[in-house]
Amino acid sequence: MNKCLKEPLLSRLPVVSFFLFLASLLQGSLQLTSVKHFGPGYEMVAIARNLAKYGAFANPFLALPTGPTAANPPLYPVFLWVLFKVFKDFKTIFFAAQFGCVLANAITSALLPLVSLVLFGDAVAGIAASVFWLFAMPMMPSWDTSYTVAALLFFCFLTASSIRKTQYVITSGLLSGTLAGLIFLLNPSALLIMAPWIVFLWLREPRDRAVQLLKYTLSLLLSLCLIGSVWAYRNYRELGAFVVRTNLGMTLYASNNNCAESSLIKEKMNGCYQEYHPNVSVTEAELLRTLGEVEYDRKRIVDTKSWISANPNRFIELTKTRFMEFWFPPIEEFPVKAYAIWITTGLSLVGLAMMVYRREAVVLFMLGVLAIYPLMYYAIVSDVRYRYPVLWISLLAAGYCIDQLI
């Protein structure tokens, strides 16, 4: 876009971000009546209800009570627990959870132009990204999805500024690490995004700031590790192992078996999920309760490896399909959002190619995260919510494409 057009836009960026916030708030409010994803069968909601009723972080599954759990990270269930304590009526709790998602999505809309300014030096790509976000944003009050995206953008925006401070370096690092720790407790996979981001910020700083950068980064890591270790120690006390999550084995096992399909919705339609996942399978839930989550998780990882060794061609076929469905989600459940993500992904590929051609420094961070983060999801059933923690990167790359074309 012409420089003389960009400068007035940049000077009015707070106003533009505010209007994008309002547009997202309105768009999300219009979707409130169509949301059904809440209540029985959703693990984080079940944990929150159990916390409110019995005071224990336990029993996430619908099939039967299985005891203390680390199958889900703690922060979002705790947030839902607060809603259960404040609002006694389930309809009010549901509405509050929905509105929380709407608000988080609106914050993402406002933050995208600001993060674009950090990455590219102007906000046009972020404004275009916010427009795409209006059609793609999730409404999933049973999951942390909306909060994770908003929190990651805020982390990137905050650390881009705080890492450059020459005073109170350790304090700034501790505060940034506290935020990173909370995001880790919201979604541990976010570490695969935050760590490359800090590396990117390191690389763009002058070499003569190495000592300050080291102090900042060590302070950040200290806060992050302390917060994460509190949760891991709780799991050691309750489950007998110093772990962060215990759902890998059950997810792999329910995703790779004789009746497995590529996506979660297809597995629910053919009954495979109901047979293999402890959330709805009484047989699996009883085995999990007998063995404990840690041993059950290890057993199902071994069982999955055995199935893959016996069925390599089927596993390769499933993995190929899931690779495509991660980037271009199935349209059966959320067609508008899925098509919006399809368009975003297509434009982002062009935008990333443009960045490589123009040698934009941030492209290394973007390509690195987009290469590493999805790897775990190619081996499990695809679901649109898995795409969202890195969707903001694709949105900004798509926005960059639009900016360059203009």
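Which residues both lie in helix H15, about one turn of the helix apart? They are Glu295 and Arg298, which are separated by 3 residues.

## Basis of the model

This is a predicted model, in which local features need pLDDT of at least 70 and side-chain atom pairs count only at pLDDT 80 or more, while totals for chains, interfaces and linings use all residues. Residues are numbered from 1 along each chain as its sequence is written, and side-chain values use heavy atoms, with hydrogens and water left out.

## Salt bridges

A salt bridge is defined as a side-chain nitrogen of Lys or Arg within 4 Å of a carboxyl oxygen of Asp or Glu. By this rule the model holds 9 salt bridges. Helices are DSSP runs (H or I) of at least four residues, numbered from the N terminus.

The side chains of Glu295 and Arg298, the pair within helix H15, meet in a salt bridge with an N to O distance of 2.8 Å. Glu295 is partly exposed at 40% relative accessibility, and Arg298 is also partly exposed, at 46%.

A salt bridge between Glu284 and Arg300 has an N to O distance of 2.9 Å. This pair links distant parts of the chain, 16 residues apart, with Glu284 in helix H14 (residues 282-291) and Arg300 in helix H15 (residues 293-310). Both residues, Glu284 and Arg300, are buried. Glu284 and Arg300 also belong to a network of salt bridges in which Lys299 and Asp303 are linked with them.

Between Glu325 and Lys266 there is a further salt bridge, whose closest N and O atoms are 3.8 Å apart. Because Glu325 lies in helix H16 (residues 312-327) and Lys266 in helix H12 (residues 264-270), the pair ties together parts that are 59 residues apart in sequence. Glu325 is buried, with a relative accessible area of 11%, whereas Lys266 is partly exposed at 29% relative accessibility.

## Cavity and pocket

Rolling a probe the size of a water molecule over the atoms shows where empty space is left. On a 1 Å grid over the protein atoms alone, a cavity is a set of points where a 1.4 Å probe fits but cannot get out, and a pocket is an open set with protein on both sides within 12 Å along at least five of seven lines; lining residues have an atom within 4 Å of a point. Grid points are joined across faces, edges and corners, and a volume is the space filled by probe spheres set on the points. In the linings, Ala, Val, Leu, Ile, Met, Phe, Trp, Tyr, Cys and Pro count as nonpolar, Asp, Glu, Lys and Arg as charged, and the others, Gly among them, as polar.

The count comes to 1 cavity of 30 Å³ or more. The largest cavity contains about 90 Å³ of space. Its lining includes Ser263, Leu264 and Ile265, the run from Pro329 to Phe334, and Ser382, Asp383 and Val384. These lining residues divide into 7 nonpolar, 2 polar and 3 charged.

The second largest pocket has a volume of about 290 Å³. It is lined by 15 residues, of which Ala46, Arg49, Asn59, Phe61 and Leu62 are the closest to its centre. The lining of this pocket comprises 9 nonpolar, 4 polar and 2 charged residues.

## Nonpolar surface patch

Val78, Trp81, Val82, Val86 and Phe87 make a nonpolar surface patch of about 380 Å². Patches are made of residues with over 30% relative accessible area and no salt bridge, with like charges joined within 9 Å and nonpolar side chains (Val, Leu, Ile, Met, Phe, Trp, Tyr) within 5 Å. Accessible areas come from the Shrake-Rupley method with a 1.4 Å probe, and for residues only the protein chains shown count as cover.

## Loop residues with positive phi

Tyr168 has a phi near 55°, a positive value in a residue other than glycine. Tyr168 is placed in the loop between helix H7 (145-162) and helix H8 (169-186), and it is exposed at 65% relative accessibility.

For Arg359, phi is likewise positive, near 55°. Arg359 occupies the loop between helix H17 (335-358) and helix H18 (363-372), where it is exposed at 77% relative accessibility.

Note on methods:
Helix = DSSP H or I, 4+ residues; strand = E, 2+ residues; numbered from the N terminus. Buried < 20%, exposed > 50% of the residue type's maximum accessible area, 1.4 Å probe, protein only.
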